[in-house]
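Dear colleague,

Please find the structure below, together with its sequence. My notes on what was found in it follow.

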Amino acid sequence: MKIVVIGGTGLIGSKLVNKLREHGHEAVAAAPNTGVNTLTGEGLAEALKGASVVVDVSNSPSWEDSAVLKFFETSTRNLLTSEAAAGVGHHVALSVVGTDRLSESGYFRAKIAQEKLIKESSIPYTIVHATQFFEFLKGLADVSIVEGKVHLPLVLFQPMAADDVATAVGRIAVDPPVNGIVEIAGPEQFRLDELVRRRLAALKDPREVIADPKALYSGAKLNERTLLPGNNARLGETRFETWLTQSAGKIAAA
Ligand SMILES: NC(=O)c1ccc[n+]([C@@H]2O[C@H](COP(=O)([O-])OP(=O)(O)OC[C@H]3O[C@@H](n4cnc5c(N)ncnc54)[C@H](OP(=O)(O)O)[C@@H]3O)[C@@H](O)[C@H]2O)c1
């Protein structure tokens with residue numbers, strides 16, 4: 001099958017392209033530096049020629065409220081229009097568990113807008129809702145700084161390894177469209193502040209992590225369970241400690 005991966009050079013996209021190729025598919029990595037820009041439409045028609053499936057794992061370069069909304073609205077519109085013209089039979093998009101509960105956040109309003117366009121389009125689709133990636137924990141600390149300390153809300157989450165995200169999205173891409181949402185998550189629940197603290201400790205990052213009931217998540221107020229998936233989520237295999245050991249090994253080898 002020809003499968004075009006929009007954002008195919010990113011964290012999830014590059015892993016996904018490799019996995020699809022290992023399974024014998026013609027996977028095309030589409031991104032600005034491979035000549036495909038979903039914001040401008042450049043290279044899109046050519047890349048989609050003969051494609052059965054398009055998987056969108058792109059992300060906005062800017063997370064500022066209006067920039068991120070413009071990115072997901074414009075690029076999703078361009079993508080769906082080009083897919084209709086090319087006769088694509090399945091649009092898969094990666095989004096986030098709890099997106100519909102996070103509309104106080106500009107980033108999540110943009111993901112809600114992306115999902116709405118997909119649901120209203122004529123292209124059969126599957127929206128994959130993933131929990132936070134282990135790889136994102138340091139980035140989460142970086143955007144949660146107040147006066148030099150990391151302030152995080154007192155909530156539960158069930159994060160997963162990017163590799164497991166790519167495996168799950170790859171399986172979903174070659175299955176028939178569900179015209180709905182599939183949730184994927186990690187095998188264990190944690191408190192958000194505890195896991196970020198453990199990640200920073202492993203990186204020897206001295207920043208203090210504070211569990212702050214008033215802290216927001218990407219601009220949104222959370223309750224204890226906002227970030228948790230439902231009971232039917234498909235669970236990845238990789239446990240946090242295993243991932244931590246593997247990523248330390250990779251850093252040492254490099
Ligand atoms: N972080 C999390 O914990 C988490 C959890 C659940 C779901 N998600 C979702 O997962 C998705 C992928 O995240 P990621 O961390 O893998 O992203 P990433 O590593 O930042 O990669 C983003 C990709 O999008 C491409 N891109 C940017 N602008 C583009 C454009 N105009 N046209 C085409 N491609 C463009 C980038 O290409 P260049 O490199 O060439 O710019 C890159 O390949 C996001 O939609 C996010 O909402 C994230």
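**Findings**

His 151 is buried, with a relative accessibility of 18%; buried means under 20% relative accessible area, exposed means over 50%, and partly exposed means in between, with a 1.4 Å probe and protein chains only. This histidine belongs to strand 7, where helices (H or I, at least four residues) and strands (E, at least two) are DSSP runs numbered from the N terminus. The side chains of His 151 and Asp 212 are joined by a polar contact of 2.9 Å. A polar contact is a pair of N or O atoms within 3.5 Å; within protein, one must be able to donate a hydrogen and the other to accept it, and residues adjacent in sequence count only if both atoms are side-chain atoms.

Before you read further, please note that this is a predicted model, in which local features need pLDDT of at least 70 and side-chain atom pairs count only at pLDDT 80 or more, while totals for chains, interfaces and linings use all residues. Residues are numbered from 1 along each chain as its sequence is written, and side-chain values use heavy atoms, with hydrogens and water left out.

His 90 is part of strand 4. Is His 90 buried or exposed? With 3% relative accessibility, His 90 counts as buried. The C-alpha atoms of His 90 and Pro 124 are separated by 5.1 Å, although the two residues are 34 residues apart along the chain.

**The ligand and its surroundings**

Which residues come nearest to the ligand? Of the 26 residues around the ligand, these are Thr 9, Leu 11, Asn 37, Ser 58 and Tyr 107; a residue is near a molecule or strand if one of its heavy atoms lies within 4 Å of it.

- A polar backbone atom of Gly 10 is 3.0 Å from an oxygen atom of the ligand.
- A polar backbone atom of Asn 59 is 3.2 Å from an oxygen atom of the ligand.
- For Lys 111, a polar side-chain atom lies 2.9 Å from an oxygen atom of the ligand.

On its own, the ligand has 940 Å² of accessible area, and the protein covers 82% of this. Accessible areas come from the Shrake-Rupley method with a 1.4 Å probe; for residues, only the protein chains shown count as cover.

The elements that give two or more residues to the shell around the ligand are helix 1 (11-22), strand 4 (90-96) and helix 4 (106-120). Strand 4 gives the most, with three residues. By type, the shell holds 14 nonpolar residues, 11 polar residues and one charged residue. Here Ala, Val, Leu, Ile, Met, Phe, Trp, Tyr, Cys and Pro count as nonpolar, Asp, Glu, Lys and Arg as charged, and the others, Gly among them, as polar.

**Residues in loops**

- Glu 147 has a phi near 45°. Its place is in the loop between strand 6 (145-146) and strand 7 (149-152), and at 79% relative accessibility Glu 147 is exposed.
- Lys 204 has a phi of about 55°. This lysine is in the loop between helix 7 (192-202) and strand 11 (209-211), and at 74% relative accessibility Lys 204 is exposed.

Three further loop residues are partly exposed:

- Ser 52 is in the loop between helix 2 (44-48) and strand 3 (53-56), with a relative accessible area of 29%. Ser 52 and Ala 211 are 159 residues apart along the chain, and 46 Å separates their C-alpha atoms.
- Ser 62 is in the loop between strand 3 and helix 3 (65-86), with 29% relative accessibility. From Ser 62 to Tyr 107 the distance is 9.6 Å, C-alpha to C-alpha, and the two are 45 residues apart in sequence.
- Gly 230 is in the loop between strand 11 and strand 12 (234-235), with 39% relative accessibility.

Yours sincerely
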